[in-house]
Amino acid sequence: MADAVPPVAMTGDDALLDYLLRLGDSDVVLAQRLGEWVGHGPVLEEDIALTNVGLDLLGQGRMWLTYAGEVEARSCGRGRSEDQLAFLRDGGAYRNLQLVELPNGDFAATMVRQFYFDHMHLSLLRALTGSADARVAEIAAKAVKEVAYHVERSDDWVIRLGDGTSESHMRMQQAVDRLWPYTGEMFAVDAIESALIETGIAADASALREPWLAAIDAVLAEATLTPPTGEWMQGAHGRGGKQGIHTEHLGHLLAELQFLQRAYPGAQW
Amino acid sequence: MVSTDQHAEQRALVDATYDERAIVALAWEALGTVPDPEVPVISIVELGIVRGVAFDGGRLRVEVTPTYSGCPATELIETMIRERLAASGLRDVDLVRRLSPSWTTDWLAPEGKAKLVAFGIAPPHRVENRIDVAGIGPLRRTDAVVPCPRCASPRTRLLSQFGSTACKAQYRCEDCREPFDYFKPH
């Protein structure tokens with residue numbers, strides 16, 4: 001950092017803020033989607049399980065967004081609270097992966113989306129436990145234990161439904177294929193992440209793809225499902241959810257998530 | 001239960017002596033009577049979430065770590081801690097939420113585990129370093145034996161990885177046929 005021009009420090013914090021929003025927003029948006037299952041789960045146990053996974057993600061999202069607000073305050077003197085970040089940003093300011101904002105669909109689609117996300121999430125958090133930023137490492141160490149259970153549950157369902165009835169197999173294969181193009185974005189690294197990888201703060205997501213593929217393929221094989229091979233990936237070239245480019249579904253999700261605070265600003269329990 | 005007289009006595013102790021060690025001991029005692037709102041048979045001390053108590057410069061500092069990130073009881077527990085400490089005369093309290101090292105069920109007190117069994121909840125196995133195991137478990141897992149807390153039968157089956165709260169899984173005993181919660185190793 002010798003004789004660096006002043007804005008460098010600012011840029012570091014700006015990049016960190018953006019990165020924390022990426023981590024936190026994916027958690028919050030997926031938690032919201034899972035929350036939509038309340039009262040609609042196929043059986044009571046799954047109703048409870050889906051929302052418990054959502055609750056874990058919401059708690060993790062809160063930790064990331066709280067830290068994001070503190071970094072923002074450090075960087076520009078005025079930081080937003082976790083609530084302000086979650087409830088008062090428009091879609092274009094959200095930095096979540098497109099995969100997690102996609103509608104729930106049937107139980108197969110919900111579980112495949114979770115399966116794809118969980119395996120990436122686990123290895124990302126594992127890598128972040130070694131972050132040069134102590135707070136990032138601390139939050140990751142907390143979250144990784146919870147996500148290990150998410151992975152187990154998702155694997156169980158993919159195997160049970162893939163290697164289940166002809167109907168469940170067919171629906172799982174459809175979900176596996178349909179969601180596949182949204183997985184590339186998880187491992188795409190842009191300039192913001194590159195800068196943070198260089199300083200040891202961010203994890204190199206591109207290095208996580210090979211182990212992710214190996215893990216996914218092993219489960220799909222056990223589930224008698226065919227791994228997709230398509231190479232075209234949505235939003236993976238610097239124009240995806242992490243850059244604020246979203247599908248048409250995010251706005252509808254945020255309308256529901258943010259309604260109360262938009263209609264009654266500052267309302268509290 | 002602590003009687004009103006005892007409360008008055010405790011408040012007098014705080015006001016009069018300012019003996020650091022006595023106050024810290026009093027705080028631990030008070031915290032030991034705060035129940036976990038979701039598993040009320042054990043206290044937050046037995047749960048292992050109180051990570052430190054110190055008294056310095058006239059203020060009490062209590063460090064608490066959350067169990068699960070999304071645990072909805074976190075805020076409630078903090079309110080209960082403040083109320084209970086205030087009842088013992090400890091009003092100038094700094095509650096610090098500590099994340100690291102992250103909570104593990106290995107911190108559950110042995111007497112807490114016994115209380116869980118008596119309450120019908122199977123206590124957690126030891127974690128060691130579960131998350132560091134390279135790659136996640138064998139695909140069709142054979143889970144560790146979780147004995148039934150009612151009839152002690154080892155023939156039990158996992159129903160769901162998530163139970164009535166995020167920290168518990170649902171099991172069923174194949175012998176007495178009763179469903180029960182298993183406090184997951186974490």
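A polar contact is a pair of N or O atoms within 3.5 Å; within protein, one of the two must be able to donate a hydrogen and the other to accept it, and residues adjacent in sequence count only if both atoms are side-chain atoms. By that rule, nine residue pairs are in polar contact across the interface of chain A and chain B, both residues of each pair being at pLDDT 80 or more. The model is a predicted one, in which local features need pLDDT of at least 70 and side-chain atom pairs count only at pLDDT 80 or more, while totals for chains, interfaces and linings use all residues. Residues are numbered from 1 along each chain as its sequence is written, chains are lettered from A and ligands numbered from 1 in the order in which they are written, and side-chain values use heavy atoms, with hydrogens and water left out.

Contact (heavy atoms within 4.5 Å) joins 34 residues of chain A to 30 residues of chain B. The size of an interface is often given as the accessible area lost when the parts come together. Here the buried area (the accessible area, with a 1.4 Å probe, that two parts lose on being put together, summed over both) is about 3000 Å², with 56% of it on carbon and sulfur atoms. K142(A), K145(A) and Y149(A) supply 26% of the area that chain A buries against chain B, more than any other three residues.

The interface also holds one salt bridge (a side-chain nitrogen of Lys or Arg within 4 Å of a carboxyl oxygen of Asp or Glu). In a salt bridge between the chains, R62(A) meets E75(B), with the closest N and O atoms 3.1 Å apart. Helices (H or I, at least four residues) and strands (E, at least two) are DSSP runs, numbered from the N terminus. On the side of chain A that touches chain B, α2 (44-76), α5, α6 (134-162) and α9 each supply at least two residues. Of these, α6(A) gives the most, with 16 residues.

Buried means under 20% relative accessible area, exposed over 50%, and partly exposed in between (1.4 Å probe, protein chains only). G70(B) lies in the loop between β2 (59-64) and α4 (74-87) of chain B and is buried, with a relative accessible area of 12%. Leaving aside residues up to four places away in sequence, G70(B) touches L55(A) and G59(A). Q170(B), in strand β6 of chain B, has 16% relative accessibility and so counts as buried. Beyond residues up to four places away in sequence, Q170(B) touches several others, including E45(A) and I48(A).

R262(A) and D90(A) form one of them, with their closest N and O atoms 2.9 Å apart. R262(A) is in helix α10 (residues 249-263) of chain A and D90(A) in the loop between α3 (82-87) and α4 (98-101) of chain A, so the pair ties together parts that are 172 residues apart in sequence. R262(A) is partly exposed at 38% relative accessibility, whereas D90(A) is exposed at 53%. In chain B, E75(B) also meets R97(B) in a salt bridge (3.8 Å, N to O). This pair links helix α4 of chain B, where E75(B) lies, with strand β3 (residues 93-97), which holds R97(B), 22 residues apart.

Aromatic rings provide further links. Rings of Phe, Tyr and Trp (its six-membered ring) pair if their centres lie within 6.5 Å; planes under 30 degrees apart count as stacked, over 60 as edge-to-face and the rest as tilted. The structure has eleven such pairs over all chains. Y116(A) and W212(A) make a tilted pair, 5.8 Å centre to centre with 50° between the planes. Y116(A) belongs to helix α5 (residues 107-128) and W212(A) to helix α9 (residues 209-222) of chain A, 96 residues apart. Both residues, Y116(A) and W212(A), are buried. In chain B, the ring centres of Y171(B) and Y182(B) are 5.4 Å apart and the planes stand at 80°, so this pair is edge-to-face. Ring pairs also join F115(A), Y116(A), W180(A), F187(A) and W212(A) into a cluster.
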